[in-house]
Number of protein chains: 2
Amino acid sequence: MNVNGNPTRTIWPTADFAVEIIDQTRLPHEFVTLRLENMRDAERAIRDMQVRGAPLIGVTAAYGVALSMRHHASDAALQATCDMLVKARPTAVNLRWAVERMRALLSPLPAAARAEAAWQEAARIAEQDVEINRAIGQHGLEIIRDIHRQKLARGNSGMVNLLTHCNAGWLATVDWGTALAPVYAAFEAGIPLHVWVDETRPRNQGASLTAWELAQHGVPHTVIVDNAGGHLMQHGLVDLAIVGTDRVTAQGDVCNKIGTYLKALAAKDNGVPFYVAMPVSTLDMDLQDGVQEIPIEERGQDEVTHISGLCDDGQVRRVMVTPQGSRAANYGFDVTPARLVSGLITERGRVAAEAGAIQSALSSKDK
Amino acid sequence: MNVNGNPTRTIWPTADFAVEIIDQTRLPHEFVTLRLENMRDAERAIRDMQVRGAPLIGVTAAYGVALSMRHHASDAALQATCDMLVKARPTAVNLRWAVERMRALLSPLPAAARAEAAWQEAARIAEQDVEINRAIGQHGLEIIRDIHRQKLARGNSGMVNLLTHCNAGWLATVDWGTALAPVYAAFEAGIPLHVWVDETRPRNQGASLTAWELAQHGVPHTVIVDNAGGHLMQHGLVDLAIVGTDRVTAQGDVCNKIGTYLKALAAKDNGVPFYVAMPVSTLDMDLQDGVQEIPIEERGQDEVTHISGLCDDGQVRRVMVTPQGSRAANYGFDVTPARLVSGLITERGRVAAEAGAIQSALSSKDK
C-alpha cells in the first residue's frame, strides 16, 4: 500500500543483499526505515517489535536466516541461527513456522548452495503472504460490495461504514493486511467507504498504526475510543465490522486483541455483520472451546499505566495516567465465541464460524 | 472518605465564610485544595471542571450563591448571580436545580436575611447529598453482602470482585459517591472486596479519579483498559458491576459515560449482575426510549487524539497518540437499554429497571 504516495511493503530486499524494514516503533509520528545486514539485526528487529504482526515476523525471520547464510553457511551456523531466531518472540506461531521451513529446506543442501536458496525461499514466503492477503481482500470485497449495493438500493448514498479493532493491516503483514485487505480492495474498486478505527488500548495499535496506514493510503477514517463502538452500532453508523485474529479454534472461536469480544457483542445486539479475516494458517484444529482452552497472555502493567505520544515540543514521551500506588492488569487478548461471528474471510473464501464448515473447508492446510 | 488518612469531602465551608474544594483537574498526580471567596470563584471552579459530577456541581453553585449574598444581597445581585451560575455548564441538570432552589428560597426574603439563609441552605443541600449517597450505599451493601455470603457458602474465599466504569465516586458528589457508595459501605462493613476500575477513555476518569479515591481510602483495586471487562467476566473474575448514570428514562434505559453499554452487554452474556446507582433526581420521566430520545453530546476530538499524564521529569504533559491528519470522533455517553440492567440502586431502595416498578417507586420525586 502507499506511503507518501509510493507503493511500499513492510519488508523488502535490497540489490546488495541486505533487507530493509519500516521501524514500526517510530510510527505514527516518524517514518523511518532500517537496514538489516545480518541475523542479529533481524533478531533485534523482531525482539524489539520494530516489526510486529505474525506474518511479518515470520518473513523477517526467514530473511534473518538468509542474511546469516551469506556470512556463515555451515551446519552449525544454520542450527545456531534458527535456534536464536525462534527465541526472539517465543509465542509467535508464524515465527517458528517460517524458521522451521527454512531449516528443513537448507539442512540437506551443501553449505555453498544455502545462501542463494535461503534468499529465494525468504522471498517466496513473502510473496505467498502477499498473495494470501490479496485473496482475503478479494473475498472480503464481495461482502463490502453487497452492502454497498444494498444501501444504494435503499436510496442511500451507498457509503459503507466499517469498524475495525487493533491493527490487522498491511503493517502486520508484507502487504494488504488481513482485516484491512478487503478495505483496500474495496477502496481500489471505487466503493465509497469510511473506517471507524478503535484506538485499541493499551498499546494503541489502532490509533497509531491503523490510522497511519489508512491515512497514508488515503482511505477515509475516524479514530474512536474503544468505548464508542456500541453507541455507533446502536445508531446505524456501522455497516460491517472486520477484525483480524491470532488463533481460531476448530469450532470457530476467535482469539484476538483484548476488546474484540465486546465489539462482537455489540454487533450481535444490533444486527451488524461481524467478520474475522484470517489466513488458513491461523486455524488451530487442536482447540475447540476458545474461552476455556486458549491461555491469555498477561503483559506488563506499564502498558496500561503509561501512554506514549508526541509532545508539543516534538519529542515522543511517555506519561503516566494512573495514580502512584494503583496497580493495573494487562490482558493481551480475549476470545470471541463463534456464535458472535458472522463468518471467517480466508484466502479460500468465506467460511462459517462453525465446526462442520471449518472442518470441510479449512482443516487441510495444504489444500 | 479518606485522603491521606483524613476524612475529607469534596467541598466544605470554612470558619470565615469561604468555601474550599479539591482541584480535581490536578488529580491524580497532585492533591491541591482551592479557596472560593466569591461567586466568580465558584463559577470558574464549575466552568473549568475543578469540580465535576452533577451533585457536586449543584452544591458548588449553591455555595456560589451564598458567597455572593455575603457581598451583595440586592434583588439585582441575586438574579445576576443565579443567571451567571446557571450558565457555567449549561447541560448540568443539578446545576440548574440547585440554583433555582436557592433563587426560590432567597427571592422572598429581605436582602439583610439572604446571606445567612443562603449559607444554611447551601449546607443543607450538601448534607442532603451526603444522606442520599449514604442510603444508596446501604441499599447497595445488601447486594454485595448477598454475593459475599453466596461465595462463602460455595466454599469460596468470599472475596467480592466488582467492576465500575468512569467515576461515580465521592469525588463526583459531596461524599460517598453513587456507584462507589456501596463499595465504601461494604468496605466499612469488613466485606473483603476488590474493584476493577475501567480507565474510561477518553477522559480517563477511572484511571485518574476512581483509582485515586479508592487508593486514598485503602480499597483494593486494579486499573484495566476499557477493553478488558468482557474477558474478566468470561472467566468469572467479576461478581458484580455497578455504574453511575447521568439520566434514567421512565422505562429504565440508562444514559452513562460512553462504553457503559458494552460492559452491560458482557455482563448479560456472562450472567453477571449489572446495577446502576442513582439518586432519584436522575430520573427523567419525560423520556421513554433512551437510545432514540436522549441526545448524545459530541465533544472535541482533542480528548481522543491527546492524553495527559505525568512525565518522568515530574511535569504533567499532553501527548498526541494519533497521526497528524487522522480525525477523531468523541461521543461522551451511550445508552444502556433497560433489558441489560439488573436493577437501579436508589436512596429509596432497589428498583427494577422497568416502567411499572419505576412509576410506582420513583415517579414521585418528593416522596
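## How the two copies are related

Copies are superposed by least squares on the C-alpha atoms of residues with pLDDT of at least 70 in both. Keep in mind that this is a predicted model. With that in hand, chain A can be laid on chain B by a rotation of 180 degrees, with 0.0 Å of shift along the axis and an RMSD of 0.1 Å. The two copies are thus related as by a two-fold rotation axis. Within chain A, Leu262(A) has the C-alpha nearest this axis, at 2.9 Å.

## How the chains meet

Let's turn to the interface. Here 63 residues of chain A are in contact with 63 residues of chain B. Because 100% of the interface residues of chain A are also interface residues in chain B, the copies meet through the same surface. About 5,000 Å² is buried between chain A and chain B, and carbon and sulfur atoms give 59% of that area.

## Polar links and the parts involved

Four salt bridges are found across the interface of chain A and chain B. In a salt bridge between Glu199(A) and Arg201(B), the closest N and O atoms are 2.7 Å apart. There are also 30 residue pairs in polar contact across the interface.

Helix 9 of chain A gives the largest share of the side of chain A that touches chain B, with six residues. By class, that side of chain A has 34 nonpolar, 18 polar and eleven charged residues.

## Strands that pair across the interface

Strand 8 of chain A and strand 16 of chain B run parallel and are joined by two bridges. Val223(A) has Ala328(B), in strand 16 of chain B, as its bridge partner.

How values were computed: Residues numbered from 1 in each chain as written. Chains lettered and ligands numbered in written order. Predicted model: local features only at pLDDT ≥ 70, side-chain atom pairs only at ≥ 80, totals over all residues. Heavy atoms only, no water. Contact = heavy atoms within 4.5 Å. Buried area = accessible area lost by both parts, 1.4 Å probe. Salt bridge = Lys/Arg side-chain N within 4 Å of Asp/Glu carboxyl O. Polar contact = N/O pair within 3.5 Å; in protein donor to acceptor, adjacent residues only side chain to side chain. Helix = DSSP H or I, 4+ residues; strand = E, 2+ residues; numbered from the N terminus. Nonpolar A, V, L, I, M, F, W, Y, C, P; charged D, E, K, R; others polar. Pairing = 2+ DSSP bridges.
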